[in-house]
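Q: Hi! Could you walk me through this one while I have it open?

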Amino acid sequence: FFAKKRTALQDASALRRSIDRLKAKGDTQAMLEATMKLSRLLLDKGERKEADGLLRDAASTAAKSKLEAEHAEVRLELANLAKADGDMTSACEHWQIALQLYHDLNRKEDRDQIAKCMKDCGCPTAWFLNSF
C-alpha cells in the first residue's frame, strides 16, 4: 500500500552502483550525469570533500572524452564550491574554463551569463587569464 521512501544513503549507494555500471559499459556521458547527481546529493548531506573529489574526477573525464557541455557543467559546480569557500581565484579559473567551453559550443546565453557572473565577482578578464 505505501511506497517505501528511499533514504539519501540508499540513493547514494544506488548512484555509486550505477556509476560503476556505466563506467564499465563505456557510457561516459551517462556516467557523468550520474556523477553530477551523486555529487549534488553528497553536497546536500554535507559531504563536501567527497563531492569535490567526484567533481574533479568528472572534470578530467569530461575533458578527456571531449564532452564539452558536461565539462562546462562540472566546472560551474566547482566554481560554485570554490566561491562558497571564499577561493575566488579558483572560482574564476573554473568559470573561465566553462566560459571558453560554452564559447566553443556556440552557447551565447550560457557564455554571457558566466561572463556577467565573472564581472560581478571581480574576476580578471579573459585576456589577463590567457596571457601567461
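A: Happy to, and keep in mind that the model is predicted. Asp 112 and Lys 108 both sit in helix 6, 4 residues apart, or about one turn of the helix.

Q: How do the side chains of Asp 112 and Lys 108 meet?
A: They meet in a salt bridge, at 2.7 Å from N to O. Asp 112 is partly exposed at 36% relative accessibility, and Lys 108 is partly exposed at 47%.

Q: Which residues of helix 6 are buried?
A: Those are Arg 111, Ile 114 and Met 118. They cover an arc of only 65 degrees around the axis, which puts them on the same side of helix 6. On the other side, Glu 109, Gln 113, Lys 116, Lys 119 and Asp 120 are exposed.

Q: And what happens just after helix 6?
A: Gly 122 takes a positive phi there, about 80 degrees.

Q: New topic: how much space lies in the largest pocket?
A: About 180 Å³. Helix 1, helix 2 and helix 3 each give two or more residues to its lining.

Q: How do the lining residues divide?
A: Into 6 nonpolar, 2 polar and 3 charged. Among the lining residues are Arg 16, Met 31, Leu 54 and Asp 57.

Definitions and conventions: Residues numbered from 1 in each chain as written. Predicted model: local features only at pLDDT ≥ 70, side-chain atom pairs only at ≥ 80, totals over all residues. Heavy atoms only, no water. 1 Å grid on protein atoms, 1.4 Å probe; cavity = no way out; pocket = protein on both sides within 12 Å on 5 of 7 lines; lining within 4 Å. Points joined across faces, edges and corners; volume = space filled by probe spheres on them. Nonpolar A, V, L, I, M, F, W, Y, C, P; charged D, E, K, R; others polar. Buried < 20%, exposed > 50% of the residue type's maximum accessible area, 1.4 Å probe, protein only. Arc of directions from axis to C-beta. Salt bridge = Lys/Arg side-chain N within 4 Å of Asp/Glu carboxyl O.
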